[in-house]
Amino acid sequence: YSFLQIVHILNMTSAKIVSFLLHPEESLHSLQNRIEFETGISTGNQELLLETGICLDPRKPASQCVIDGVRGWDSYMVYLFDKSKTVYDGPFASRSLSDCVNYIVQDSKIQLPIPQLRKVWAEAVHYVIGLKEDYSRLFQGQRAAMLSLLRYNANLIKMKNNMVSASQQLKAKLEFFHQSIRLDLERYSDQMAYGISSEKMLKAWKEMEEKASQCAQAEDIGYLDEQIMALHTEIVELQKSPYARRQGEVMESLEQRAIDLYKQLKTRPPDHAYSDSTDMVKIIVQTVQSQDRVLKELFGHLSKLLGCKQKIIDLLPEIEVALNNIKEADNSVMQMQGKRQREIWHLLKIACTQSSSRSLVSSSLEGTASTPAAMWLPQSSSGNTPPHPLSSLAAPEEGKNFADVIQENVNYLELFSSILQEVRQEQNSMMVS
């Protein structure tokens, strides 16, 4: 029989246990269909937790309920919760009395022969022990719910940290973007009078600034942060609550009293003596009352746990949306920064070209004929191309030969290259800072 696997499902909504013999390689879905038939809880609303608070994995077989080498072959308990409920209506009715125990409870003063009384009291002790064990199992289910809540909370904290980190990065990038675009707009305004002017580009930059301000809305996660902090406080309070700890001390002491009473009865000689059951019935009544009280507290606490868990389940997609919004805003800012930098380099190219042209015209008119070496060399090496239009203005009698003109333009080219290098370094330093 070693291959037989029996799993007990404690339905936390009804406090009833249903047991199943697992078929070899049975899927969890198959087991869930059987659970639905027995409990009325649909497979979609079933949450099956191990004692550790781990939820059963639908991709694994049903035998995942049974952990080898931990307990006996028939003592595995899985805790069933209904995901459509967050309030459980306990306490539930205590286990029913057997006929003979019910007989003495109805009339505790009735006198019975000692041999018969032993049998009745043995069942009474069994009943009292059963009440305590029922509570213990339900408490273990509550504990599984708490551990499951803490797992969900750990995931919530991880997502929250990712969201806060992304939000802080976006905030830093937006501050950098606003500072750099303000500087660019100032510098652009300063040079407009004598440099380059583009109304289209100016309008685009100002639109970028407005769009960046709108991106800042994604950075605002304060409302989610407040909800998460409130929830965290609530969970800490639930962990500190006395109802998070076992409350079965009274029941355990009553159980011991019942056992002691039965032992005393056993030592009495089985003569023709009779006795009543007043003391044993008192213990039974007190145990039932104690169980009612602790179960009421247990289910009240359990409902709070499940309410917290539902809040986390509702919050997770909101955090996901906020995180996606932050990432989109971050990408948008980086794209705008890149676009503006490309436009600045385009402006620099135009400015350099205009400056070079003015320098060329000015030098030519003064008779230096200093055109760029790149324009001179290919034209001079090819005998078929006509000379540069401005070269006709060069005055040969000023004493500058062809080699001198080339050297002078090489010098200009080196100067221009060093200016470009300085601009690049300045731009890189701005980006790094």
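Author: The expected span of a helix is 1.5 Å times one less than its number of residues. Helices (H or I, at least four residues) and strands (E, at least two) are DSSP runs, numbered from the N terminus. The model is predicted: local features need pLDDT of at least 70, side-chain atom pairs count only at pLDDT 80 or more, and totals for chains, interfaces and linings use all residues. Residues are numbered from 1 along each chain as its sequence is written, and side-chain values use heavy atoms, with hydrogens and water left out.

Reader: How do you know that the reach of helix α5 is close to the expected one?

Author: Helix α5 spans residues 222–240, which is 19 residues, and its first and last C-alpha atoms lie 27 Å apart, close to the 27 Å expected at 1.5 Å a residue.

Reader: What makes one side of α5 differ from the other side, in terms of buried and exposed residues?

Author: Buried means under 20% relative accessible area, exposed over 50%, and partly exposed in between (1.4 Å probe, protein chains only). In α5, Leu-224, Ile-228, Leu-231, Ile-235 and Leu-238 are buried. These residues lie on the same side of α5 because they cover an arc of only 80° around the axis, the arc being that of the directions from the helix axis to the C-beta atoms. Glu-226 and Lys-240, on the other side of α5, are exposed.

Reader: Why is Phe-81 called buried?

Author: Phe-81 has a relative accessible area of 2%, so it counts as buried. Tyr-88 also counts as buried, at 4% relative accessibility.

Reader: Why is the pair of Phe-81 and Tyr-88 called tilted?

Author: Rings of Phe, Tyr and Trp (its six-membered ring) pair if their centres lie within 6.5 Å; planes under 30 degrees apart count as stacked, over 60 as edge-to-face and the rest as tilted. The centres of Phe-81 and Tyr-88 are 6.4 Å apart and the planes are at 35°, which gives a tilted pair.

Reader: What makes a set of residues a nonpolar core, and which residues touch the most other members of the largest one?

Author: A nonpolar core is a set of buried Ala, Val, Leu, Ile, Met, Phe, Trp, Tyr and Cys residues joined through side-chain atoms within 4.5 Å. The largest has 80 residues, of which Phe-81, Met-163 and Leu-302 touch the most other members. Helix α3 (114–191) gives the most to this core, with 26 residues.

Reader: Which residues is Met-163 in contact with, leaving aside its neighbours within four places in sequence?

Author: Contact means heavy atoms within 4.5 Å. The contacts of Met-163 include Leu-224 and Ile-228, both buried residues of α5, as well as Ile-319 and Leu-323.
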